[in-house]
Amino acid sequence: MDPNKTLLTNIQNLQDPLKTQALNAADFGKTTAMDALAPGGKALSIEVLAGRAATMANGPAREQFLVELHATGSLGGGVRTPLNLCLVIDRSGSMEGPPLEYVKMACTHVVDMLNQDDVLGIVTFEQMVDVLMPPQRVTNKQMIKEGISHIVAGNTTNLYEGMRVGFQQIIAGDQPGRATRLVVLTDGDPTEGIKDFQTIVGHTAEIKSRGVTCTFLGF
């Protein structure tokens, strides 16, 4: 197998993980859609948007794709489980400028997707950790988004403490029948407090053991 050779395959033929799907140059910028089949119908649709039409075949390259997963509602009547969600936002000095602005956009988008059955808490961290919004029902989206828009960059990055306080907010807002989610938005470079990688990973494992799903988004 030549690792520098691109093999063409049909998008429906996904059994061979070594084959690369080719994009038609005329379709660049368009979305490729696939449906995941489930008994009785389609449960999930997947949309993939490539960052560019082509890449070099004779060397390593980093590619970017936007992947969107959509529940079609064929199973479970289309009603999702209410959330107990905490957004943990890195506002350290290294996030100043476009990274923090994109974080604000992402968090605003999350708020727009929530409803009054969801519980949301927001924690920001730099050298110090602040609870921007204690866990509460999402009843005033505009007020929440205005609070997010006023976040400004600070000093060093206390990632561990931000996660710890975020987990405390999740526990405080815990109610039966909710999906618990901790979403950390950061550039991932701890420079304050506990900086040891293994300790941070261990803390994440401890949070997971308590039934809380952690998602880390890099900016």
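Strand 4 and strand 5 of this predicted model pair in the parallel sense over seven bridges, where strands are DSSP runs of E with at least two residues, helices are runs of H or I with at least four, both numbered from the N terminus, and two strands pair if DSSP finds at least two bridges between them. Within this pairing, Leu120 of strand 5 is the bridge partner of Leu85. The model being predicted, local features need pLDDT of at least 70 and side-chain atom pairs count only at pLDDT 80 or more, whereas totals for chains, interfaces and linings use all residues. Residues are numbered from 1 along each chain as its sequence is written, and side-chain values use heavy atoms, with hydrogens and water left out.

The two strands belong to an open sheet of five strands in the order 6-5-4-7-8, with mixed pairing. Strand 6 and strand 8 are the edge strands, each pairing on one side only, and the twist from one strand to the next averages 15°. Helix 1 packs on the sheet, where it touches strand 4, strand 5 and strand 7, and its direction makes about 170° with that of strand 4; contact here means heavy atoms within 4.5 Å, while axes are lines fitted to C-alpha atoms, for helices over the stretch in contact, and angles run from 0 to 180 degrees between N-to-C directions.

Helix 1 (residues 98–113) also packs with helix 2 (residues 141–149), at an angle of about 170° and with the axes 10 Å apart. The two helices are therefore roughly antiparallel to each other, a term applied to angles over 145 degrees. In this contact, Lys104, Cys107, Thr108, Val111 and Asp112 of helix 1 meet Lys141, Ile144, Lys145, Ile148 and Ser149 of helix 2. The residues of the contact divide into four nonpolar, two polar and four charged, with Ala, Val, Leu, Ile, Met, Phe, Trp, Tyr, Cys and Pro counted as nonpolar, Asp, Glu, Lys and Arg as charged, and the others, Gly among them, as polar.

For helix 3 (residues 159–172), the 14 residues should span 20 Å at 1.5 Å a residue, in agreement with the 20 Å between its end C-alpha atoms; the expected span is 1.5 Å times one less than the number of residues.

Definitions and conventions: Angles under 35 degrees count as roughly parallel, over 145 as roughly antiparallel, 65 to 115 as roughly perpendicular and the rest as oblique.
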